[in-house]
Number of protein chains: 4
Amino acid sequence: MGRQLTPRGQQRRDQLIELATACFAERGYHDTSVADLVAGLGVGKGVFYWYFESKEQLFVEILREAQLDLRRAQRAAIGDERDPVRRIELGIRSTLAWIEQHPHHDDLIRLAATEDRFRPHLRRGEEIALDDLSKHVKDAIVDRGLHDADPEMVAHAILGVVGRLAARFLPGRGASAGAVADAAVAFCLGGLLGGDSVR
Amino acid sequence: MGRQLTPRGQQRRDQLIELATACFAERGYHDTSVADLVAGLGVGKGVFYWYFESKEQLFVEILREAQLDLRRAQRAAIGDERDPVRRIELGIRSTLAWIEQHPHHDDLIRLAATEDRFRPHLRRGEEIALDDLSKHVKDAIVDRGLHDADPEMVAHAILGVVGRLAARFLPGRGASAGAVADAAVAFCLGGLLGGDSVR
Amino acid sequence: MGRQLTPRGQQRRDQLIELATACFAERGYHDTSVADLVAGLGVGKGVFYWYFESKEQLFVEILREAQLDLRRAQRAAIGDERDPVRRIELGIRSTLAWIEQHPHHDDLIRLAATEDRFRPHLRRGEEIALDDLSKHVKDAIVDRGLHDADPEMVAHAILGVVGRLAARFLPGRGASAGAVADAAVAFCLGGLLGGDSVR
Amino acid sequence: MGRQLTPRGQQRRDQLIELATACFAERGYHDTSVADLVAGLGVGKGVFYWYFESKEQLFVEILREAQLDLRRAQRAAIGDERDPVRRIELGIRSTLAWIEQHPHHDDLIRLAATEDRFRPHLRRGEEIALDDLSKHVKDAIVDRGLHDADPEMVAHAILGVVGRLAARFLPGRGASAGAVADAAVAFCLGGLLGGDSVR
DNA sequence: GATGAATGAGTCTTCATTCAT
DNA sequence: CATGAATGAAGACTCATTCAT
């Protein structure tokens with residue numbers, strides 16, 4: 001599969017990936033058949049297996065690309081910002097911006113989490129994201145002399161907020177990415193920084 | 001299917017539901033075949049269809065029961081508490097306690113959200129839960145003279161936190177329900193009440 | 001199965017036969033399940049097999065009864081009439097009258113003709129009817145010094161007319177039994193007696 | 001299913017149709033499984049569904065083709081003959097000739113009449129045939145100043161005769177198509193024209 | 001590169017029949 | 001007599017994958 005593709009071949013491949021991404025996200029993995037995909041492009045069945053080893057491998061590839069791309073976007077946004085709280089905020093905002101641009105990819109990540117078969121492929125990406133975020137959280141806790149929250153739990157809480165708001169409100173589901181990001185940031189930083197104050 | 005069942009029949013039915021719940025949650029809906037279920041009980045294939053109209057209907061029924069039961073647990077926990085912030089806290093704690101008791105059911109709810117076919121059945125339960133929570137959030141905002149957060153978004157944020165922490169840490173996944181609940185409550189109330197203070 | 005039945009048993013058996021006759025006729029043999037039948041009477045599955053060896057045997061029994069009864073009706077109507085043409089007419093009229101009274105049974109006879117499994121059981125009854133009719137036709141031909149028609153073919157032609165008109169117009173399908181019988185008799189006797197005249 | 005087929009594909013499809021026609025006619029619709037059909041050709045199960053949407057759709061398609069073809073044969077035979085009686089005769093003869101050529105198709109038409117599911121598909125063809133025949137009958141009645149028979153009933157009577165004689169004697173069941181046709185024509189025209197004379 | 005055709009294991013579901021109670 | 005439960009072979013249909021051309 002490390003085959004060299006002609007430009008036309010590359011284009012076909014991209015078309016397949018794009019269509020598959022949309023179908024998987026909208027109808028689910030099982031309800032999207034290889035036949036649907038090739039029919040959607042008006043080509044024969046063989047085409048699919050020329051470019052991909054299997055339906056499963058295609059899904060995994062899309063998944064890997066998506067996680068990689070999200071990672072890239074987050075890193076670019078955070079840059080070399082020093083303040084850990086600010087880094088968290090930039091991470092949240094860039095994640096939401098990315099999801100708004102790639103709603104299908106976000107759906108696929110959620111989808112993959114429900115299938116034994118795909119969960120392992122998700123793991124690595126999730127771990128990296130989580131580790132990064134946890135580190136910022138820990139830094140923030142130290143920096144600001146905060147309470148005794150568990151950084152890993154807080155990191156998950158933040159991811160939970162961002163994931164849920166994205167799934168519910170983005171894109172074109174009732175709110176602009178900016179408004180959603182403002183709400184997410186306010187809530188998360190409140191949760192992070194003001195956790196004790198409520199007692 | 002509103003048939004009268006003998007005690008033996010009721011027992012079989014319950015066995016099937018229990019096994020199906022576990023299989024659906026652990027292996028997914030599509031990777032659990034009716035054949036798996038009946039083989040798991042060592043009975044003939046027809047048994048399944050004596051008790052359920054179809055695999056899909058069984059899943060929906062499990063889903064409905066789960067949502068109903070969670071709802072009941074939440075209502076019982078909140079009781080007639082007056083303070084909206086306290087109501088929210090009780091809701092979070094009871095939800096996490098319930099999930100610890102019914103981890104499979106929680107998985108199924110997440111699973112159902114990824115299938116077009118089941119999403120409608122989820123909707124009603126989700127809406128009720130969300131409306132209740134939103135109302136408490138709004139009350140809290142008014143009561144405490146808080147900032148201008150959108151109650152619905154905050155409600156979703158809370159659900160995101162609870163769902164994520166539950167999925168990651170409950171049960172027997174590294175933390176007690178109590179610890180998780182403390183973290184969730186601290187983060188969510190911080191997010192709710194201290195949202196402005198960070199600016 | 002030559003079991004002695006209590007009066008209540010006899011009644012149950014009759015109910016089953018009646019319901020089965022209607023279902024088989026209206027929905028077909030294959031689309032009527034044993035479960036449908038017992039559910040229709042609100043009894044358990046065992047009841048069916050207490051009274052009948054199998055679904056197939058029940059059908060055959062209904063079929064046999066129907067043919068026997070029709071035969072009886074025809075014989076009674078024809079009595080000792082001497083004129084063969086008149087005998088034919090009486091046969092036609094009594095057949096149509098019987099069908100009007102037993103539309104379901106007539107449907108079953110037609111139905112049985114399309115299933116390999118039942119055709120043999122039909123055969124005997126059909127043969128008797130045909131032989132009788134053929135004899136009358138032959139007598140008529142001799143009596144009236146008619147043309148050289150093949151009695152068997154004419155007999156089939158008559159049965160074809162009667163069967164078709166019955167299926168189409170009886171009962172409550174747009175014509176009274178009397179009108180249908182008049183038309184059938186007129187056509188058949190015309191066909192029998194006036195066959196040559198058209199040349 | 002409006003797919004383009006290669007010559008090889010067209011051939012497979014035709015093989016399936018031919019085999020299915022024979023099996024349906026000889027063993028009935030229900031006693032012919034898709035497995036039987038593909039096994040009969042020594043191919044895999046999927047082949048069937050490559051060419052047909054379902055077993056039912058295949059049956060309906062065969063039925064439609066049969067009715068269309070019979071219709072074509074009748075129209076070609078009748079041509080522009082003016083005399084209505086002669087038109088009727090030509091119709092009868094061409095029908096019997098067609099049935100002799102397509103005994104299976106004729107069986108299927110009879111078979112379809114016994115299944116709720118197929119009766120609607122039969123209806124249209126039957127109506128056209130009946131309307132045509134009724135018109136000729138009415139013309140004949142007017143032309144020849146005949147008695148007051150109901151044209152529709154007479155048309156049904158003719159169809160009954162033709163159907164029955166064909167089912168019983170064609171093909172290779174004891175009579176040549178010519179002899180059967182002669183008998184059918186003689187009987188039917190006798191029934192049509194000489195209906196009164198018998199009184 | 002691409003196509004239409006073929007494969008066949010696997011899925012859900014039905015249903016006549018049997019049986020313990 | 002009657003019931004509810006169970007059986008299991010059989011059926012229609014799907015679909016990822018392979019392959020000859």
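Because the model is predicted, local features need pLDDT of at least 70 and side-chain atom pairs count only at pLDDT 80 or more, whereas totals for chains, interfaces and linings use all residues. Residues are numbered from 1 along each chain as its sequence is written, and chains are lettered from A, with ligands numbered from 1, in the order in which they are written.

Two copies of a chain are related by a rotation about an axis and a shift along it. Chain A is superposed on chain B by a rotation of 179° with 0.0 Å of shift along the axis, at an RMSD of 0.1 Å, which is the relation of a two-fold axis; the superposition is by least squares on the C-alpha atoms of residues with pLDDT of at least 70 in both copies. In the contact between them, 33 residues of chain A meet 35 residues of chain B, two residues being in contact if their C-beta atoms, placed from the backbone, lie within 7 Å. On the side of chain A that touches chain B, the elements giving two or more residues are α6 (103–112), α8 (151–169) and α9 (177–193) of chain A, and the largest share, 11 residues, comes from α8(A). Helices here are DSSP runs (H or I, at least four residues), numbered from the N terminus. By class, this side of chain A holds 15 nonpolar, 11 polar and 7 charged residues, where Ala, Val, Leu, Ile, Met, Phe, Trp, Tyr, Cys and Pro count as nonpolar, Asp, Glu, Lys and Arg as charged, and the others, Gly among them, as polar. Since 100% of the interface residues of chain A are also interface residues in chain B, the copies meet through the same surface.

Chains C and D form a second contact, which takes 34 residues from chain C and 35 residues from chain D. On the side of chain C that touches chain D, α8(C) gives the most, with 11 residues, and the classes there are 16 nonpolar, 11 polar and 7 charged. Across the pairs, chain A and chain C do not touch, their nearest C-alpha atoms being 31 Å apart, and no contact joins chain B and chain C, whose closest C-alpha atoms lie 11 Å apart.

Within chain A, helix α7 (residues 119–144) packs on α8(A) at an angle of about 120°, with the axes 8 Å apart; the axes are lines fitted to C-alpha atoms over the stretch in contact, and angles run from 0 to 180 degrees between N-to-C directions. Among the residues that meet are A:Leu130, A:Leu133 and A:Val137 in α7(A), and A:Val154, A:Ala155 and A:Ile158 in α8(A). This contact divides into 8 nonpolar, 1 polar and 2 charged residues.

The surface near DNA strand E has 14 nonpolar, 15 polar and 13 charged residues. Around DNA strand F there are 42 residues, and those that come nearest are B:Gly9, B:Gly46, C:Gly44, C:Gly46 and D:Gly46.

Conventions
A residue is near a molecule or strand if its C-beta atom, placed from the backbone, lies within 6 Å of it.
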